[in-house]
Amino acid sequence: KLVSQKEAFEFPFAQRLLCAVFARGAKEQVEELSATVKGHIVKMAQSRDGARLASTAMGVLPPRSRKAVLQDVAANFDALAMEKYAPPFLCRCFDLTYDPQMAHKFLVAPLVANIGPVCGSPYGCRIILHLLTPDAERKQKVMLAGFEEHNLYSRSNGSWNHHTWRTDATLEEETVEICPRPAEQSHLLVLGPIVQAFADVVCTVEGLEANKTLKAFVARIAAEVVHMHDAEPKYREAMGLSKAQLDRVRALQSNKEKKNEDAPAPAAAAASPVARKSKLAATAPVETPKSASKKSATAVAAVVEPASSTKKAKKSLRVEAETSAAETPRARKSNRAEAAVEKSMVLEMDGADDDDELVETSARIAPPEASPVSSSPRHGDAKPRRSGKASATPVRKSKQEQKTLAGSAAKAAASSATKKAGAADVTPSRASAGKKKSPKSGASPQVDMLNML
């Protein structure tokens, strides 16, 4: 009942419902529905959901029934090409129309007649770009969002000419082929007149440089024409451009496309001084020091100096130099061992010095040996000082106490040496004389010692 009403095709809800029926319906239901909407396809193609429904219905229709739809398309081609949602449906018509006569009569002729407005439209220019981009990567760059919903042809899209419905008996999914010939072959049959009209009409329009919007769309088409002419021999043969036409198309390319076309070969680019400098900086070997020390890190940081002019490159190279100068586990282990040995040697030297001081101090403190010739002290002689016995186990003193003891021991040793010298002088005189002392020599032993000194 809904489909029987003609006004129902204009409602988005009805259009989405019909799309679901085409996608999930049985074979008889889909064929009957496509025959019903055949007369409303051109009108539905001007809305978003209706354009998807029109593309699906165009594919499901038998080839003989498509002629009526193409007649309506040719009659309203100028309006459909300027619409926002209709150009994907027109691209689908170019994919499915493999008969050269029907394609030239109902699609190519209206397009050539309106080549100027079509190329200047942000939506109509996508029809020509679709014919010039068989590769999916380049197609994605030039097509707008929503074009992929119409299952357009590309070399990587193997299901562009397939439709899936359910069988009437078992309701199992069945995939059928809706176009027996490849779409690229159909594109090559119609591409020549369209590209030649573009080179003769659009490229010679006066005031094209002043209109920046029109120039942008025309430059996009010109770039794809030049790319396919240079990269694809069969497209070059199909377009059939003369040298003058090709020169006019090349002149309309954007500056970016011209730079990409005139870019030098990789070998020539690598031969430039800047490329050689960057290459040498990238391939320069970085020396890694064996032992981690500050000198080696400084030397490596000085040798490995970045050749790049950007701050990021300098920072990355500096980080690499510092990383290369970092201590290795073996170097850290050897440094710890050397530090431990050095510390033990210092402790041993300190202990040896303390033992020497103790021995020297004990030797100084020890009492002097008794003189072999003993003499009784005379009147006026200084009595010798009594020194205590040194302890068998030396006690470690402080430095100040050690200095004090050393001074007292030096004084005691000097006084004992003086007494020994005086005793040695007095004893032989007594032994030789054997008499009393001469009254003339009334000097004391101290005076004699001083005279001897």
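# Exercises on a predicted structure

H163 stands opposite V176 in β2. This is a predicted model, in which local features need pLDDT of at least 70, side-chain atom pairs count only at pLDDT 80 or more, and totals for chains, interfaces and linings use all residues. Residues are numbered from 1 along each chain as its sequence is written, and side-chain values use heavy atoms, with hydrogens and water left out.

**Exercise 1.** Find how β1 and β2 are joined, and in which direction they run.

*Solution.* Start with the term: helices (H or I, at least four residues) and strands (E, at least two) are DSSP runs, numbered from the N terminus. Two strands pair if DSSP finds at least two bridges between them. Next, look at β1 (162-166) and strand β2 (residues 173-177). Five bridges join them, and the two strands run antiparallel.

**Exercise 2.** Describe the backbone angle and the setting of N151.

*Solution.* First, read the angle: phi of N151 is near 55 degrees, a positive value in a residue other than glycine. Then locate the residue, which sits in the loop between α11 and β1. Last, check its accessibility. Buried means under 20% relative accessible area, exposed over 50%, and partly exposed in between (1.4 Å probe, protein chains only). N151 has a value of 23%, so it is partly exposed.

**Exercise 3.** Work out which residues E224 meets in salt bridges.

*Solution.* Begin with the rule: a salt bridge is a side-chain nitrogen of Lys or Arg within 4 Å of a carboxyl oxygen of Asp or Glu. The structure holds 14 of them.

- One partner of E224 is R138, at 3.1 Å from N to O. R138 lies in helix α11 (residues 136-142) and E224 in helix α13 (residues 212-231), so this pair ties together parts that are 86 residues apart in sequence.
- Another partner is R220, at 3.0 Å from N to O. Both R220 and E224 belong to helix α13, four residues apart, about one turn of the helix.

Now compare accessibility: E224 is buried at 1%, whereas R138 is partly exposed at 23% and R220 is partly exposed at 27%.

**Exercise 4.** Classify both ends of the salt bridge between E173 and R166 as buried, partly exposed or exposed.

*Solution.* The closest N and O atoms of this pair are 3.8 Å apart. With 54% relative accessibility, E173 counts as exposed. R166 has 24%, so it is partly exposed.

**Exercise 5.** Explore the largest nonpolar core, then look at I128.

*Solution.* A nonpolar core is a set of buried Ala, Val, Leu, Ile, Met, Phe, Trp, Tyr and Cys residues joined through side-chain atoms within 4.5 Å. The largest one has 80 residues, and I128 and F198 are among those with the most contacts inside it. Contact means heavy atoms within 4.5 Å. Leaving aside neighbours within four places in sequence, I128 touches residues including L111, C119 and I221.

**Exercise 6.** Decide how many disulfides there are.

*Solution.* Remember the cut-off: a disulfide is a pair of cysteine sulfur atoms within 2.5 Å. A search of the whole structure finds zero. For C119, the nearest cysteine sulfur, that of C125, is 7.7 Å away. C119 is buried, at 0%. For C203, the closest cysteine sulfur is in C119, 8.5 Å away, too far for a bond. C203 is also buried, at 14%.
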